[in-house]
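Dear colleague,

I am passing on the structure below, together with some notes on what I found when going through it. Please look at it alongside the text.

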Amino acid sequence: MPVNLSEEALQQLVRRLLVANGVDGITADAVAGSIVAAERDGTLSHGLARLPGFVSSLESGWVTGSPEMIVTDQAPAVVRIDAANGFAQGALARGRDMGIAKARANGICAISIHDSHHFGSLWPDVEPFAVQGLVCLAFVQSRSRIVAPSASRAVLGTNPMAFALPRAGRDPVVWDQASSVLAHGDVILAAKNGHTLPPDAGVDRSGHVSRDPAAVLDGGALLPFGAHKGFLIALLVEVLAAALTGSRFGFEDESARIPGAVTSNAGQMLILIDPSRAGASDFADRIEQLMHALADAGTTRMPGDRRYINRAKAKAGGIAVGDAAMKLLQSSPH
Ligand code: NDP
Ligand code: PYC
C-alpha cells in the first residue's frame, strides 16, 4: 500500500538515504530536492524510481558522494565548476549564486559544469532561475543511447535540454525534453509496467524498429524525436554539455563497464540571461502578449501545466510513495 508523505517529509527521507550512502549535505539537499520535485510533479521517470540507481552508482564507487567541488570565476560571464566526479545538482547548488550575480552584472552568464553525474530531470535545475526573473537554458549529455537516422549504432545520449521563462506574477513557463522520442527512464518504466513503446521510439540490437521496451533496453537504442531534427538537437546538446565544458562525450563514458554504475560521467551547461539587461525594457509585457496570442489561437496546454497541476495536488494531498521506495528509504539508519 502506498504511503502518503508531505514534500518535506519525503525530502528528509531521501536526503537521509543519500547521506547514509556518503553524499555530502549540500549535494544531498540538492539531489533530494530534484528527486522529490520530480515525484511531486509527476515526472515519474526521474523521481523515486531513480533512487536505486543513485544508490548503486554510489555503492559501486563510480560516483563520488562527497567530492571537493571547485567553483571558479572563469571569466566575466562564465562560472566554471569542477564537480570532481560528484552529482551535478550539488555542483549547481555551489555555483548558482555566482552565476546569478554575473548574469545580473553582465546580462548573461554561462555555468559550465564538468566531471559530473546528472541522473535527474532538468526542470528542477532551471525553474528556480526563472522564479528569480532570469531566462535559463540548460543542456546535459549522458551515455550513448540515440542512434542517428542513418547510423547503425548509438553515439549521442538522450541529451535533454530545458528552457525556463519568467512571467510577471505567474509561474514560469518551463519546458524540459529529451532528444529521443522517449527518455531512457520512460523505457525502463514501460518495461516494468508491461507497456509497449510508441512506434518509432527505439530499435532492437539488430537495428530493427521495436515497440518492446525489453528489446530496446537489451542492446538496442533510442531514436531521436522528429527524425533528423532531434538528432541535430542531440548533437548541439552534446557539444554544449560535453565539448564546451571539457567533459567526456557520451561515447567516452565508461559507466556501462562498471557493475552497479548507472549514472554517466558527463557535463552540464546552463545559460542565464537577465531580460532587463538584454535591451528589451518591455520584456514582461511582450511575453504576456505572446501568451495571449497562443491562448487566442486555441493553445490549451503549455509546458509546465501538467507539473503545476500535480504540484498543487501533492501540496493538498501529499505524495504517494510505493512499497519498494519506502523500503529503500527506511533502509538507512535513523
Ligand atoms: P516529455 O516528452 O514528457 O515532456 C517534454 C516537455 O513537453 C515538458 O516540458 C512537457 O511539459 C511539455 N509538453 C508535453 N506535452 C505537451 C503539449 N501537448 N503541449 C505543450 N507542451 C507539452 O519529456 P521527456 O520524456 O522528453 O523527458 C522526461 C524527463 O527526462 C525530463 O525531465 C528530462 O530532463 C529527463 N531526462 C534526463 C536526462 C539526463 O541525462 N539527466 C536524459 C533524458 C531525459 P510538462 O512538464 O508540463 O508535462
Ligand atoms: O532518461 O534518458 C534518460 C536519462 C539518462 C540519464 C538520466 N536519465
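This is a predicted model: local features need pLDDT of at least 70, side-chain atom pairs count only at pLDDT 80 or more; totals for chains, interfaces and linings use all residues.

Helix α1 runs over residues 7–20 and, with its 14 residues, reaches 20 Å from first C-alpha to last, close to the 20 Å expected at 1.5 Å a residue. Its buried residues are L10, Q11, L13, V14, L17 and L18. Seen down the axis of α1, these buried residues fall within an arc of 165°, so they line one face of the helix. The cover over them includes the strands β1 (3–5) and β11 (319–321), as well as the helices α2 (25–41), α3 (51–60) and α11 (323–329). After α1 comes G22, which has a positive phi, near 95°.

Helix α8 has 16 residues and reaches 21 Å between its first and last C-alpha, close to the 22 Å expected at 1.5 Å a residue. The buried residues here are G230, A234, V237, E238, L240, A241 and A242, and what covers them includes β5 (135–140), β6 (161–167) and β10.

The loop between α8 (228–243) and β10 (266–273) holds S264. Its relative accessibility is 6%, and S264 therefore counts as buried, the cut-off being under 20%. Leaving aside residues up to four places away in sequence, S264 touches W62, S116, H117, H118, S142, R143, D253 and S255.

Conventions. Residues are numbered from 1 along each chain as its sequence is written. Chains are lettered from A and ligands numbered from 1 in the order in which they are written. Side-chain values use heavy atoms; hydrogens and water are left out. Helices (H or I, at least four residues) and strands (E, at least two) are DSSP runs, numbered from the N terminus. The expected span of a helix is 1.5 Å times one less than its number of residues. Buried means under 20% relative accessible area, exposed over 50%, partly exposed in between (1.4 Å probe, protein chains only). The arc is that of the directions from the helix axis to the C-beta atoms. Contact means heavy atoms within 4.5 Å.
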